[in-house]
Amino acid sequence: QAQLVESGGGSVQAGGSLRLSCAASGYSVRIYCMGWYRQVPGKEREGVALISSDRTTNYADFVKGRFTISRDDAQNTLSLEMNSLKPEDTAMYYCVADPRTNICDSASWRVGVYGVWGQGTQVTVSS
């Protein structure tokens with residue numbers, strides 16, 4: 001059964017850094033479009049970063065230059081390095097796998113594409 005388990009969240013002050021990790025089972029992170037989404041209570045989930053099988057990366061404008069998505073094929077894990085964190089980055093962060101494609105496309109930014117969600121990991125940034 002496909003499963004994604006996120007970890008690494010926590011509480012930091014603005015300007016700080018965190019590294020999120022996602023352990024995938026039932027998915028091979030190297031053959032799918034993989035990504036990170038986040039959700040603030042009361043708001044819809046939004047895409048943060050995507051990585052294709054060829055390691056091409058794409059970022060939401062609000063994290064460009066601050067966040068870096070990567071993967072470790074040997075460990076079958078996905079990571080999100082978050083630097084220069086802002087209070088508005090406070091959210092539950094989720095790891096996702098797009099089963100439709102190995103190359104992330106415009107549809108990969110749509111929440112409805114993803115049928116499997118992990119429990120998420122909470123990131124809290126204080127000012």
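Colleague: What makes E1 and E3 a pair?

Modeller: Strand E1 (residues 3–7) and E3 are joined by five bridges in the antiparallel sense. Two strands pair if DSSP finds at least two bridges between them, so these two qualify. In E3, Ala23 is the bridge partner of Val5, and Ser25 is that of Gln3. Strands here are DSSP E runs of at least two residues, numbered from the N terminus. This is a predicted model, where local features need pLDDT of at least 70, side-chain atom pairs count only at pLDDT 80 or more, and totals for chains, interfaces and linings use all residues. Residues are numbered from 1 along each chain as its sequence is written, and side-chain values use heavy atoms, leaving out hydrogens and water.

Colleague: Why are E1 and E7 called edge strands?

Modeller: The open sheet has four strands in the order E1-E3-E8-E7, with antiparallel pairing. E1 and E7 each pair on one side only. Further in, E3 and E8 pair over six bridges, with Met82 in E8 as the bridge partner of Leu18.

Colleague: What makes the largest nonpolar core a core?

Modeller: A nonpolar core is a set of buried Ala, Val, Leu, Ile, Met, Phe, Trp, Tyr and Cys residues joined through side-chain atoms within 4.5 Å. The largest has 28 residues, with Trp36, Leu80, Met82 and Tyr93 making the most contacts inside it.

Terms used
Buried means under 20% relative accessible area, exposed over 50%, partly exposed in between (1.4 Å probe, protein chains only).
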